[in-house]
Amino acid sequence: MIAYTPAKVADSIPLIDIGRSFSPALADRKAVAWEIHKACRETGFFYVSSHGVASELIDSHLQLCHEFFSLPLEEKQQVSIKLSPCNRGYEGFAAQTLNAGAAPDLKEGFLIGNHMGPEHPYVLQGVPNCGPNQWPANPPQFKQRFMDYIDAVSKLGLHLTRLLALSLELPEDYFDKGFEQPGYIGRLLHYPPRPLDMPPNQLGAGAHTDWGMLTILLQDEVGGLEVANAKGEWLTAPPIKNTFVINTGELIKVMTNGLYHANLHRVINNESGRSRYSSPLFFDPDYFYKVSCVPTCRPEGATGPFAEITLGEHIDHMYRLTFGQGS
């Protein structure tokens, strides 16, 4: 079992150079995994650099965000999420309220997932949120440009799950089976600058935790992301060129018996007059992948296996917990 040494209260979001994690030497990979272990204990958030995703691809993807959200509203609504049977497409402003009782979040978005045609077994079974993506006619080559980015960042996601396994003193491929068909969601987001008449209880994204395993966030240079530490203090996560912000979700708490965190975070609309663009990839296992507390995080003396739950059951539980439809 992993030693439960006290975790420090973070005063900043750590930056981890993961270049050594691509080394053929296990000792190098474990050294990076230990830095991830500390970050997951203390904040559940960290930056990664030297991650292998080309800077040109990063810049192109942020440009794609800008191009899409600059389209006329009527054109964006041609791929409205309301037209999708599986929650894919354009989300207009005020479509989401992450802080219960607050004003709707001041942002707009666009979502895709793992494309599944009508003949796919999950679609035939009626698995929630499984189906085809919607693709706008503009900007030019939108689908190809988005999928080039998703392919590259998904490879990084799988690499990070292997580092997570090492960080928990597990075999490096411990989580691999769950990602043969990952249940990812890719999202583009636009946060406009804060208007003068914005209600005091309205944010770009209200305080929330993510529900899944890993979030890989690309943010532009404007800033606005904040993360709560163990004392409930809000830490800024300022943009750092050619890095991703990584955070662990509620599924990690299940897997680690609470050793790793899923911290609250939010987005503040800026007052600079500039829009903020970001793109999270929610990188999760297959819908039917079964998880439970990993062996290295089980309390000493515990006998028998911990209860298993599928990724789908976990997401359904979080949905009901969040929206007051049971526990």
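**Stop one: helix 1 on helix 5**

Start by selecting helix 1 (residues 26-42) together with helix 5: their axes sit 8 Å apart and the angle between them is about 85°. The two helices are therefore roughly perpendicular to each other. Keep in mind as you look around that this is a predicted model.

Now show side chains at the contact. From helix 1, pick Leu26, Arg29, Lys30, Val32, Ala33, Ile36, His37 and Cys40; on the helix 5 side they meet Leu163, Leu164, Leu166 and Ser167. Colour this set by residue class and you get 8 nonpolar, 2 polar and 2 charged.

**Stop two: helix 2 on helix 5**

The crossing of helix 2 past helix 5 is left-handed.

For the contact itself, select Leu57, Ser60, His61, Gln63, Leu64, Glu67 and Phe68 in helix 2, then Phe142, Arg145, Phe146, Asp148, Tyr149 and Ala152 in helix 5. By class, the residues of this contact split into 7 nonpolar, 3 polar and 3 charged.

**Stop three: Thr296**

Last, jump to Thr296, in the loop that links strand 13 (290-291) to strand 14 (309-310). Is Thr296 buried or exposed? Its relative accessible area is 12%, so Thr296 counts as buried, the cut-off being under 20%.

Terms used
Residues numbered from 1 in each chain as written. Predicted model: local features only at pLDDT ≥ 70, side-chain atom pairs only at ≥ 80, totals over all residues. Heavy atoms only, no water. Helix = DSSP H or I, 4+ residues; strand = E, 2+ residues; numbered from the N terminus. Buried < 20%, exposed > 50% of the residue type's maximum accessible area, 1.4 Å probe, protein only. Left-handed = near helix turned anticlockwise from the far one by under 90°. Contact = heavy atoms within 4.5 Å. Nonpolar A, V, L, I, M, F, W, Y, C, P; charged D, E, K, R; others polar. Axes fitted to C-alpha atoms, helices over the stretch in contact; angles between N-to-C directions. Parallel < 35°, antiparallel > 145°, perpendicular 65-115°, else oblique.
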